[in-house]
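Okay, thanks for coming, everyone. Let me put the model up, and then I'll walk you through a few spots.

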Amino acid sequence: MNACVADSRQSLPESCLSAFHRVYFKARLRIFTECMKPNKPLHIAIIVCVAALFAGCSTSVRYIVPSDLQSPEKTEQTIAKYTSALKGKTVFIDPGHGGEDRSGVSPNEELVEADINLRVAKKLRDYLMRAGANVIMSRESDITVPLASRPERANASNADLFISIHHNAAGNPETNYTTVFYHSKPGTAAYLPSSHDLAKFIQRDLAYAMRNPGPLASFDGTMSDYLIYPGEGFAVLRDAQMTAVLVECSFFTSTYEEQRLKEALYNDIEAWGIFHGIGKYVLAGIPNIAFESSRIFTSNTPKIDLHVSDEHGIDDQSIKVFIDNKDQGFLFNKNSGTIEVQTLQELSPGYHLLSAQVRNLNGNSAGPFGEYFSIGIPPHTIRAVTTPSSLPGSTEALAIVRLEAVDSLNRPCADGMPIHFETSTAIDTVLHLRDGRAFIQLSPDGSGDIGFRAWNGPVATEGQIRTDDSSPYTYGYIVDHEDTPIPYATVRLPGGTSIEASNSGAYVLSGRRVAGLEAVVSANGYFSKRIAIEDRMKQPPIVLQPVARGTLRGQTVFVEAERPLFLGSDSTKQHLAAQSAGLLTELLQSSGAQVFDLTHTASQERDSLLSAHPNAIVLQTILDRRYNTTILRRGPLESSRDLSRHIVDALRDHTDLRIQQNVPRIWGSGALSEHTQVSVSFPAPGRWTYEESRIPHTAWTAAWGIYNGILTSVGYDMKGTKLVEANVVEKESRNPASYVEVVLNGALRGITNEKGVVRFYGVSLDHDDLAPVEPGLYEITGVKTEILH
Ligand SMILES: [Zn+2]
């Protein structure tokens, strides 16, 4: 049994968040699968007890003081030899255990492992500093240092090398050898060749200085920490983001070794051996890799340049380049040291990790190299909103996590950007943004709270959903008449609380008693519905009926109110055109269309929107000075003429507007001429004046007529649908209410005429729920429905 390793296990971080850090770290410095070149065999001779004695040594202790440690002059010469390579390097030394952790006691109880580790570490520190290195230690006295904070502090210090110093333990008092651990093993993603390089150098010089063999299980004496903890390794090595080794100098459980370890001079020899190993490692050179390109690319097959250098020369057969841990092609220019990366696949928007591996001609690999770059504007912040924040522990329950990713200007990140998502309940998936959002539903797995982490590259968010059986909670799904989930529906509760359903139609109500409450459920393209929340955890499905049978789902419509050329030219008509465009937008959306209002869109953006939607319909409400409503078809397309004819018919059949004969007027150019497009001009009885009070009804009537014209043009059949007509009165006076707004089943907006009458044609729905927008002032007095033939 290996005592210090056992300690490591006890202190392995158990929380899921630490697990996330681990994963994050792996992702960040995902390294390299290449095997090292076979190492030169080290001649670790079996040590026949060498009874060479030196001044100051006890007669019972057998060790040899290295010749270059026997005089201050020779010691100085050796240190000077390494100075050129060590100067400016930062070495983090981690003496294992200490403080409350003094459990590693030698057989005769003469030594504690923590103390020997510290003695060796301090000696090593002195040698490294004399050679010009910066040294940082995890502890310099007998204090408690948590396991996790050791690599954390090394990472924060930007150290080049991490050296953890330990002494080993075994049940057999004769077991004794020297070994140096590196993290992971060749062929796995977490393997870092430079750590293996350093381990070999230290192993060779330390075992020689101590006159110890290496372990039988290893050819060169180094060992993977996966041999001790398969797949995990030691926490300190796993979490250190630099070239890192853990040195097990020898076994303090050996009765023979115990006598040697007591001696300060022997501890000095240990430090000297490690120092030699580090010195020879850095003298052999460490290749440098640098990112040469910009870090933001517009193309999804970016041209990325890396630069590699090493005074001993680069082994061009050793180069490997990875994006997101996948092998990439490259061209290497030996003269300039430039690696031109050739991406082998199209990359998604957002961050990607570029990593690379290279050896110099002495066989030393570069330290960990991983840099992020971005396709498009990178995410700046990812936010997570969980609904609810606590839920019952039942595996039947579910919570919705809404993730939002925005750039540094708070704009939604690009569609398709992947967001990696992991939970403590073993969910590990990738979500893709749409309109800057992504949703996922989580259920408890019976093990308590759910922790999660979401990230793109280095931008991450973490959250937790508590399980708590005491808080009120219910949830359900919103589906259409064909049982298909309706995404992003809204559930409104009395008092104005509004909940957005997920992309898969799930909604959650929590935090207050909701059983018995009436909720209004609405979604774009569907008639709203009023439901009573039942007293149960999972509500029955809420079925919404599509408006106009959902005819316009998948249809894109551009609506544009023409703006006057100069201010004040005809503000009344401009008002009318704008209001009509707004109402038309609402109506079209209610039947499922995707509508862009171009009225206030800059012309460049307008052109790019139009060319991105070649099958869209373009509708303009314009400021033509005519007395009647005029329909102008535009552009050369036949479909424009058909649409204008349908709109004229609909306005005649379903409105009280006076319609001018369809005036074919063909113009439009560029992108516009490729679209089905119609312009509508509004009636104006006078050149500069117009009865202001009539605007709302005229605007709505025109919008309603145009809407019905579009419905019929795409194949919506009015036959079998309903005509709904109602009178609206003022509550107090009982007079007809002119030009007031009413809503039909929460989805369609209408405006009464001057006689207080509102009409909807061609409505497909099961029940009619007509309500004034201001129920305190107005009342519906009669609703007539009639099936159209
Ligand atoms: Zn230890």
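**Around helix H9**

Let's start with Tyr63, which counts as buried at 2% relative accessibility; buried here means under 20% relative accessible area, exposed means over 50%, and partly exposed is in between, with a 1.4 Å probe and protein chains only. Before I go on, the ground rules: this is a predicted model, so local features need pLDDT of at least 70 and side-chain atom pairs count only at pLDDT 80 or more, while totals for chains, interfaces and linings use all residues. Numbering runs from 1 along each chain as its sequence is written, and side-chain values use heavy atoms, with hydrogens and water left out.

Of the 789 residues in the chain, 54% are buried. Take the contacts between residues at least 6 apart in sequence, and 73% of them join residues at least 24 apart; contact means heavy atoms within 4.5 Å.

Back to the rings. How many aromatic pairs does the structure hold? There are 22 aromatic pairs. To pair, rings of Phe, Tyr and Trp (its six-membered ring) need centres within 6.5 Å; planes under 30 degrees apart count as stacked, over 60 as edge-to-face and the rest as tilted. Tyr63 pairs with Tyr266, and that one is tilted, at 5.3 Å centre to centre with 40 degrees between the planes. Tyr63 sits in the loop between helix H2 (16–28) and helix H3 (72–86), and Tyr266 is in helix H9, so this pair ties together parts 203 residues apart in sequence. Tyr266 is buried too, with a relative accessible area of 0%.

Next pair along: Tyr127 and Trp272 have ring centres 4.8 Å apart and planes at 70 degrees, so they are edge-to-face. Tyr127 is in helix H4 and Trp272 in helix H9, so here the pair ties together parts 145 residues apart in sequence. Tyr127 counts as buried at 5% relative accessibility, and Trp272 is buried with 1% relative accessible area. And there's a cluster: ring pairs link Tyr82, Tyr127, Trp272 and Phe275.

**Two helices against H9**

So how do the helices themselves pack? H4 (residues 113–130) and H9 (residues 264–283) have axes 8 Å apart and pack at an angle of about 50 degrees. Axes are lines fitted to C-alpha atoms, for helices over the stretch in contact, and angles run from 0 to 180 degrees between N-to-C directions. That makes H4 oblique to H9; under 35 degrees would be roughly parallel, over 145 roughly antiparallel, 65 to 115 roughly perpendicular, and the rest is oblique.

Is the crossing of H4 and H9 left-handed or right-handed? H4 passes H9 in a right-handed crossing. By the convention, left-handed is when the near helix is turned anticlockwise from the far one by less than a right angle, and right-handed is when it's clockwise. Among the residues making the contact are Ile116, Val120 and Tyr127 of H4, and Asp268, Trp272 and Phe275 of H9. The residues of that contact divide into ten nonpolar, one polar and four charged. Nonpolar covers Ala, Val, Leu, Ile, Met, Phe, Trp, Tyr, Cys and Pro, charged is Asp, Glu, Lys and Arg, and the others, Gly among them, are polar.

Then H3. The axes of H3 and H9 come within 8 Å and cross at roughly 40 degrees, which makes H3 oblique to H9. The H3 and H9 crossing is left-handed. In H3, the residues meeting H9 include Thr78, Ile79 and Tyr82, and on the H9 side they include Trp272, Phe275 and His276. That contact divides into nine nonpolar, five polar and two charged residues.

**A few backbone spots**

Last bit. Thr387 and Pro388 are joined by a cis peptide bond, with omega about -5 degrees, and Pro388 is in the loop between strand E16 (381–387) and strand E17 (390–391). Ser184 isn't a glycine, yet has a positive phi of about 65 degrees; Ser184 is buried, with a relative accessible area of 0%. Asp324 also has a positive phi, near 50 degrees, but Asp324 counts as partly exposed at 29% relative accessibility.

Key
Helix = DSSP H or I, 4+ residues; strand = E, 2+ residues; numbered from the N terminus.
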